[in-house]
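Please take a moment to look over the sequence and the model below before reading on.

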Amino acid sequence: MYRYETYQVLPAIPEPLSFLETLGRNIWWCWQKDAIELFRRINPRLWRESRRNPLAFLTMVSQERLEELARDHSFLAHQKRVKDRFEKRVLLPLDRSKGPYGTENVIGYFSMEFGIHESLPLYAGGLGMLAGDHLKAASNLTLPLLGMGLLYRKAYFKQILDQEGWQQEQYPETDLYHLPIEKVVDDTGNDIIISIPGPTGDIQTMVWKLDVGRIPLYLLDTNLPENPAEIREITSRLYAGEHSVRLAQEVVLGIGGMRVLEAMGKCPHVCHLNEGHAAFAAIERLAQIMTAYSVDLKTAFEIVPRTTVFTTHTPVAAGHDEFPVDLVKPYLVGYEKIFGIGVDEIISWGQPSGAGPYAPMSMVVLALRLSQFCNGVSELHGKVARRMWTHIWPRRPENETPISHITNGVHLPSYISLELSQLFEQYIGPEWYLQQRTEENANRIDEIYDEELWRAHEMCRLRLIRNCREMMVQQYGRRNATLAIMEDIASVLDPDALTIAFARRFATYKRAHLLFDDPARLEAILNNEKFPVQFIVSGKAHPRDNEGKAIIKRIIDFARNSALRHRIIFLEDYDPHIARHLVQGSDVWLNTPRRPLEACGTSGMKAAINGGLNVSTLDGWWCEGYSETLGWKIGNGEEYSDMAYQDAMESQALYNILENEVIPCFYNRKNAGVSPKWLRMMKESMKMAFKQFNSHRMLREYEHRFYFPASKNFRNLLKDNAEKAKQMVFQRNRLDGLWSGIRVSRPTRHASGPFRVGQMIPVTVVVRLGELKPEEVDVELYNGKQKSLESILSGENLTMAVQENMGNGEYLYAGTITCNAAGRYGFTARILPRGDEWVKYTPELLTWSE
């Protein structure tokens with residue numbers, strides 16, 4: 001085989017249009033409606049054929065058309081409008097000298113996938129879409145953040161259904177010349193290439209940069225000629241099936257990502273690990289802190305966790321990566337010399353306590369042990385995560401497991417329809433999504449005329465139907481359908497019918513089958529000529545999930561019924577482009593996960609901002625978003641041990657809601673031909689998404705709760721040659737050495753019951769601190785309603801004070817319990833170290849009353 005030298009020929013863009021190339025090389029355009037329209041108006045047909053990829057698109061436009069546009073005053077005026085906004089929002093320099101981060105600070109955001117736009121195949125599902133929204137919102141809010149990920153040469157997979165309706169996968173090669181990326185070089189102009197020791201030799205890794213507005217996203221790539229074939233394949237495909245390749249990807253992301261930042265002269269003050277995939281970054285960061293600041297491992301261990309954020313997205317144990325010890329060792333053995341400890345001890349950071357030296361290394365356990373700021377992605381998921389990982393802090397009650405929650409939000413301008421965006425600009429103001437007075441702005445949605453809102457939504461539904469028909473013709477054409485079927489397919493769906501969408505990954509816990517569990521009842525809904533209803537279904541099953549593929553086939557078989565073909569369709573190859581049309585044009589967004597297995601889910605938020613009404617089980621974000629004024633709930637948040645019974649109950653509940661509530665509400669039309677109640681619910685749904693579930697709110701919450709304090713920790717711990725961190729090491733050594741001598745007697749209650757609401761109960765306890773001083777510890781009463789004789793439900797901590805020094809290291813502490821509500825209560829006493837959250841939650845440093 002010959003090896004060819006490659007080169008690319010770019011279009012000769014006339015000078016008046018030169019900004020088009022600049023715009024196309026920054027993905028900022030993809031959430032700017034005016035910028036999207038600027039490209040589209042050049043040639044709408046080619047824009048669609050290029051899959052809305054500006055760089056590919058410009059190579060398809062004829063030179064004659066470009067010359068014509070260079071003389072088109074209307075087009076040039078449009079371009080200037082976009083350029084002015086681009087320069088203001090992306091290029092205008094910022095003065096960070098007076099901000100909370102300073103000029104040198106940067107937040108490193110590590111993620112295995114980024115879903116920014118369908119032209120960038122760096123995503124698989126919700127985790128990636130959330131990461132993409134994180135970067136977009138950071139750009140809007142001008143945060144000093146950078147992204148770190150992998151450059152995949154092949155997309156996650158392209159879904160094609162065969163003649164039988166069985167999912168097949170294709171992995172098309174990505175054309176790098178059509179991606180808005182550039183190689184990262186050093187000061188001398190040479191490519192930055194870093195090396196990572198691996199089991200079969202060094203892994204050479206280069207880095208590319210993608211601009212997401214103001215935010216740089218760095219993408220690591222092992223497809224270098226100097227690497228052997230198996231190493232070049234590491235970044236070939238997202239979520240490789242082989243354990244060894246998956247491990248190598250996570251090593252490249254974490255260790256490689258930190259080494260790339262070091263090579264570029266960047267030292268992130270805060271690292272945010274988006275899922276456990278990036279946990280190796282914390283290990284490399286320990287080494288870099290030790291080298292850069294001349295501190296030992298124990299000192300670095302006081303710094304890195306206090307400046308690390310970890311977000312877990314997966315409430316299913318099987319979704320968390322674990323790797324056999326023998327696979328991990330070759331990647332970590334090089335740290336033995338740096339850390340001064342054995343590789344087995346390093347691996348133990350990712351093993352549950354007491355699991356033994358051969359237990360798999362868990363990426364989540366590693367991340368939890370090296371991060372002070374840990375969170376789930378919805379209120380319910382926070383509770384689930386605390387229950388899942390409470391064993392890492394075995395001496396603490398479950399509700400005190402240090403995993404909080406920050407509910408996800410979506411980047412509103414990326415998903416809102418053109419029609420609604422224009423209405424928002426009219427009623428809320430230009431660049432409405434940047435406004436900080438969200439409560440006031442959200443309420444202005446009520447000012448939109450009902451007729452305007454309904455007309456805008458009908459335009460979106462019509463566009464959705466048109467695109468569905470085009471996609472269905474393409475699908476059936478690939479299967480060589482007959483001419484009669486092709487003509488029939490070209491007229492599927494009714495632009496005026498109630499349109500319900502179900503689109504998501506076909507993981508079994510999402511229960512796509514629920515709608516189809518009573519086929520006769522569903523057929524009756526679909527065949528109702530008086531109140532027509534139609535369903536659009538889309539989504540991919542994991543390549544190895546045959547159960548999920550079987551559900552897709554079942555839906556395809558059902559939809560093949562000639563009497564139903566016009567009322568229910570399945571769209572192949574679900575991607576962000578299809579998702580945008582669905583969330584913008586559907587009337588109802590259906591979601592049926594098995595509670596509590598949906599960590600958050602964000603597609604319903606995207607539908608809500610477009611006026612879609614959610615029908616969902618009470619799981620993930622819907623537990624916080626649901627109100628009877630803006631959508632419907634399936635069930636009441638029950639959790640069942642018998643899954644078959646749960647499915648039967650909730651399937652019937654779904655049919656009942658559709659038949660008795662959703663359909664009558666939609667078709668309860670008045671004089672203007674619209675349902676007043678439906679329109680009220682649409683506005684409430686939009687307001688709810690605007691206020692509660694936007695990515696700006698989410699990022700501000702990360703900033704104030706995590707990024708600000710973590711950044712402050714970094715500066716304080718490292719100033720004066722890391723003096724404060726060294727003091728913390730001294731104190732921790734003292735606590736570790738003396739804690740075993742602590743004893744807590746049973747607390748004494750100095751009042752007799754029963755008690756009435758409002759009464760006070762004085763309590764004392766004798767504690768033995770040994771050589772420790774009272775100012776080094778906190779003695780607490782732990783009080784709450786009793787769940788059983790041995791457990792308390794949602795206890796509260798009441799700090800006690802020293803009442804008497806009894807000598808020989810013993811002290812009498814006193815405190816008071818206030819009876820605030822009636823019920824059966826219990827209390828005990830405990831001691832924990834005084835200090836910040838990282839010290840207080842040290843698993844071994846907690847002693848309860850005897």
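Which residues does F280 touch, not counting residues up to four places away in sequence? With contact taken as heavy atoms within 4.5 Å, F280 touches L247, E250, V251, G254, I255, V328, L332, M361, M363 and L366. This is a predicted model, in which local features need pLDDT of at least 70 and side-chain atom pairs count only at pLDDT 80 or more, while totals for chains, interfaces and linings use all residues. Residues are numbered from 1 along each chain as its sequence is written, and side-chain values use heavy atoms, with hydrogens and water left out.

F280 is also among the residues with the most contacts inside the largest nonpolar core, which has 224 residues. Such a core is a set of buried Ala, Val, Leu, Ile, Met, Phe, Trp, Tyr and Cys residues joined through side-chain atoms within 4.5 Å, where buried means under 20% relative accessible area, exposed over 50% and partly exposed in between, with a 1.4 Å probe and protein chains only. Helix α29 (residues 695-738) gives this core its largest share, eleven residues; helices (H or I, at least four residues) and strands (E, at least two) are DSSP runs numbered from the N terminus. Another core, of 23 residues, lies apart from it and includes V744 and Y811.

T307, in the loop between α11 (297-303) and β10 (308-311), is buried, with a relative accessible area of 0%. Among the residues that T307 touches are H269, A710 and F714.

Elsewhere, six strands form an open sheet in the order β17-β16-β15-β18-β19-β20, with parallel pairing; two strands pair if DSSP finds at least two bridges between them. Because β17 (568-571) and β20 (631-634) stand at the edges with a single partner strand each, one side of each is left without a neighbour in the sheet. Four bridges join β19 (residues 613-617) to β20, and S616 stands opposite K633 in β20.

Seen as a whole, the chain holds 30 helices and 29 strands. Its radius of gyration, taken over C-alpha atoms, is 29 Å, close to the 29 Å that the globule rule gives for 850 residues, so the chain is as compact as a globular protein of that length; the rule is 2.2 Å times the number of residues to the power 0.38. Of the 850 residues, 57% count as buried.
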